[in-house]
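Here are my notes for you, written to be read with the model open on your screen. Keep the sequence handy too.

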Amino acid sequence: MFISFEGTEGVGKTTLIRKLHDHFQALGKNVLLTREPGGTPMAEQIRSLLLTVNHDEAMSHDTELLLMYAARAQHLERVILPALADTKIVLCDRFTDSSFAYQCAGRGLDREKLTLLNDNFVARMPDITFWLDAPIETGMLRARERGALDRFEQEKVTFFEKVRAGFAEIHHNEPTRVKRLDATQTPEQVFEQALSYLQQV
Ligand code: Z5A
């Protein structure tokens, strides 16, 4: 089973994934925890290019999109597909929905560009996607206590509002795959919400 976790910054994806990972391991399941952009040494290098603030040269939106998919192609081929073939449960922190929400809804890129990339380079979509949803300010407050802001975290609230609307659109269009979790609740309550969906499937 392939499960992805989506949402705007600081909503608690990493916290939930770790809890689910520990839960599955305690049950004796074979589970892999991974993330995007990243998940392989080469894809992690691309991640660092994507997140580093470069005051000398602004990254174009097209470059950002293509780097996300370069990292994803590597991650899919080297990590996700082999793990699924090995019947592991794959827990992935962000996947293609983030590209739609950030690069299309947020940056304003044409969604046909994304469709083209998905059709040609994404052999497998998640079986379930948890969308952790909370007001932008809630996530920002949680995330920003960590200190230095990366290239995305420096964006304004209006950008993240568009990203959140992008996730809401995906949820509306694909209610079977994408489950909304109320991320304003405590980490334990968010975990219980996710577990109850998983028990249903
Ligand atoms: N990006 C993109 O543009 N296009 C793409 O296709 C992909 C990604 C794949 C890096 O992602 C950036 O890449 C991302 C989008 C872009 N940028 N942004 N924004 P990332 O996932 O690494 O970055 P992030 O979203 O900023 O992750 P994060 O800040 O680490 O957030 P999180 O994982 O959702 O939250 P967390 O680490 O679990 O929790 C944050 C803090 O809140 C922490 O102190 C927790 O203890 C606390 N927390 C967690 N849950 C709760 C609850 N329920 N209550 C109270 N406090 C909580």
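1. Ground rules. This is a predicted model, where local features need pLDDT of at least 70, side-chain atom pairs count only at pLDDT 80 or more, and totals for chains, interfaces and linings use all residues. Residues are numbered from 1 along each chain as its sequence is written, and side-chain values use heavy atoms, with hydrogens and water left out.

2. Who surrounds the ligand? Start with its shell of 28 residues, where Thr 14, Thr 15, Arg 47, Arg 94 and Arg 146 come nearest. To count as near, a residue must have a heavy atom within 4 Å of the molecule. Sorted by class, the shell holds nine nonpolar, nine polar and 10 charged residues. Here nonpolar means Ala, Val, Leu, Ile, Met, Phe, Trp, Tyr, Cys and Pro, charged means Asp, Glu, Lys and Arg, and the others, Gly among them, are polar.

3. Which helices take part? H1 (13-26), H2 (41-51), H3 (61-85), H4 (96-106) and H6 (136-144) each supply at least two shell residues. The largest share, four residues, comes from H4. Helices (H or I, at least four residues) and strands (E, at least two) are DSSP runs numbered from the N terminus.

4. Now look at polar contacts, meaning pairs of N or O atoms within 3.5 Å (within protein, one must be able to donate a hydrogen and the other to accept it, and residues adjacent in sequence count only if both atoms are side-chain atoms). A polar backbone atom of Gly 12 is 3.0 Å from a ligand oxygen. Glu 153 places a polar side-chain atom 3.5 Å from a ligand oxygen. At Gln 185, a polar backbone atom lies 2.8 Å from a ligand nitrogen. Taken alone the ligand exposes 1000 Å², and the protein buries 83% of that; such areas come from the Shrake-Rupley method with a 1.4 Å probe, and for residues only the protein chains shown count as cover.

5. Where does the ligand sit? You'll find the ligand in the largest pocket, and "sits" means that more than half of its atoms lie within 2 Å of the grid points. A pocket is an open set of points on a 1 Å grid over the protein atoms alone, where a 1.4 Å probe fits, with protein on both sides within 12 Å along at least five of seven lines; lining residues have an atom within 4 Å of a point.

6. The largest pocket holds about 1000 Å³ of space. Its lining has 40 residues, with Gly 10, Lys 13, Thr 14, Arg 94 and Arg 146 closest to the centre. H1 gives the most to this lining, six residues.

7. The second largest pocket has 13 lining residues, and Asn 54, Glu 57, Ala 58, Met 59 and Arg 151 lie nearest its centre. H3 gives the most there, with three residues.

8. Two backbone spots deserve a click. The peptide bond from Glu 36 to Pro 37 is cis, with omega near -15 degrees, and Pro 37 is in the loop between E2 and H2. Thr 87 is not a glycine, yet has a positive phi of about 60 degrees.

Note on methods. Points joined across faces, edges and corners; volume = space filled by probe spheres on them.
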